[in-house]
Amino acid sequence: MTLDGKVALVTGGSRGIGAATALKLAEEGADVALTYQHNDDLAADIGDRIKALGRRALVIRADSADADAVKGAVEATVAEFGRLDVLVNNAGIGFVGPLEATSMDDVDRVLAVNVRGVFAATQAAAAHLGEGGRVITIGSCVAERVPGPGMTLYAVSKTAMIGLTKGLARELGPRGITVNLVQPGPTDTDLNPADGPYAADQRALTVFDRYGQPAEVASMVAHLASPASGYVTAATVSVDGGHAA
């Protein structure tokens, strides 16, 4: 177990890529805290599954659009486990809509969750991360290639993660902390199911003509969280089935 004795916090960890990541980090030996927004039962189930792996779990209700709530989740994790070694910025929301129909409320909500929430979580976590600490953000293949109209706002929010990752890597690197970005391609989750109405078009953009699985993204996150990735920082790593090719 490469993360034995470590503590991780996964935002948006009750479903999809976040849930798979929380479970994978637990499999690798970490105690795991996770945030969620709505579904108490889903979050509790992931917490129970982490405990079934022999690890400690903490489930925190926190809206990632609320910077204070996100910072509070970091502090709650440290209070519960006594440390923080790995932050996974996974929480995010999608948005598809034409430019003319995109309101400023839409802009504010997407940027609050996908950009400000990530910044707030990392800022709070940086006060506790030490040598060997890890910050890993889940971005999107849309930051590299926008496949069609209606995705401008979402692409803006995810492209921002590239600059954020590079800047944070410079700031935190002297303390031995790595900061990396994982860009998933079409991934089979409840928000973007492999049998959904837009799935055929998304599959066609990959070289494998298939969706990825959350566990495939989680495996990359676990690798970046491990000691084996100590010289990898400021990197953008695609897990997209060739979507950006």
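**Entry 1. The β6 and β7 pair.** I began at strand β7, where the bridge partner of L181 is T236. The model I am reading is predicted. L181 belongs to strand β6, on the side of that strand which also holds V179 and Q183. I then looked up the pairing as a whole: β6 and strand β7 (residues 236-239) run parallel and are joined by four bridges.

**Entry 2. The cover of β6.** I asked how many residues of β6 are buried. Seven of the seven residues in strand β6 (residues 178-184) are buried, and the strand is recorded here as mostly covered. I next separated the two faces. T178, N180, V182 and P184 lie on one side, V179, L181 and Q183 on the other, and both sides are covered. N180 and Q183 are therefore among the residues under 20% relative accessible area.

**Entry 3. From β5 to β6.** I turned to the other neighbour of β6. Strand β5 (residues 134-138) pairs with β6 in the parallel sense, over five bridges. For R134, the bridge partner in β6 is T178. I followed the chain between the two strands: from β5 the path goes through helix α5 (residues 152-172) to β6, and the β-α-β crossover it makes is right-handed.

Entry 4. I wrote out the strand order of the open sheet, which has seven strands: β3-β2-β1-β4-β5-β6-β7, with parallel pairing. Which strands are at the edges? They are β3 (57-61) and β7, each of which pairs on one side only. From one strand to the next, I noted an average twist of 15°. As a general point, strands of a sheet pair through backbone hydrogen bonds, in either a parallel or an antiparallel manner.

**Entry 5. β4 and its two neighbours.** I examined strand β4 (residues 86-89), which pairs with strand β1 (residues 7-10) in the parallel sense over three bridges. In this part of the sheet I found L9 opposite L87 of β4, and I found V88 of β4 as the bridge partner of V10. With β5, strand β4 pairs over four bridges, again in the parallel sense. L87 has V135 as its bridge partner in β5. I also checked the faces of β4: V86 and V88 are on one side, L87 and N89 on the other, and all of these residues are buried. The unit formed by β4, α4 and β5 is a right-handed β-α-β unit.

**Entry 6. Helices across the sheet.** Helix α2 (residues 40-52) lies across β2 (31-36) and β3, and runs at about 175° to β2. Helix α4 lies across β4 and β5, and runs at about 175° to β4.

**Entry 7. α3 against α4.** I looked up how helix α3 (residues 67-81) packs on helix α4 (residues 104-126): the angle is about 35°, and the axes are 8 Å apart. The crossing of α3 and α4 is right-handed. On the α3 side I listed A67, V70, K71, V74 and E75 as contact residues, and on the α4 side G117, A120, A121, Q123, A124 and A125. Sorted by class, this contact comprises seven nonpolar, two polar and two charged residues.

**Entry 8. H38.** I located H38 in the loop between β2 and α2. Is H38 buried or exposed? H38 counts as exposed because its relative accessibility is 60%, where the cut-off for exposed is over 50%. I also took the separation of H38 from V7: they are 31 residues apart in sequence, and 24 Å apart in space from C-alpha to C-alpha.

Entry 9. Most residues other than glycine have a negative phi. D209 is not a glycine, yet its phi is positive, at about 55°. I placed D209 in the loop between α6 (199-204) and α7 (214-225). D209 counts as partly exposed because its relative accessibility is 49%. A234, also not a glycine, has a positive phi of about 65°. I placed A234 in the loop between α7 and β7. With a relative accessible area of 26%, A234 is partly exposed.

Terms used:
Residues are numbered from 1 along each chain as its sequence is written. This is a predicted model: local features need pLDDT of at least 70, side-chain atom pairs count only at pLDDT 80 or more; totals for chains, interfaces and linings use all residues. Side-chain values use heavy atoms; hydrogens and water are left out. Axes are lines fitted to C-alpha atoms, for helices over the stretch in contact, and angles run from 0 to 180 degrees between N-to-C directions. A crossing is left-handed if the near helix is turned anticlockwise from the far one by less than a right angle, and right-handed if clockwise. Contact means heavy atoms within 4.5 Å. Ala, Val, Leu, Ile, Met, Phe, Trp, Tyr, Cys and Pro count as nonpolar, Asp, Glu, Lys and Arg as charged, and the others, Gly among them, as polar. Buried means under 20% relative accessible area, exposed over 50%, partly exposed in between (1.4 Å probe, protein chains only). Two strands pair if DSSP finds at least two bridges between them. A crossover is right-handed if, with the strands pointing away from the viewer, the path from the first strand over the helix to the second runs clockwise.
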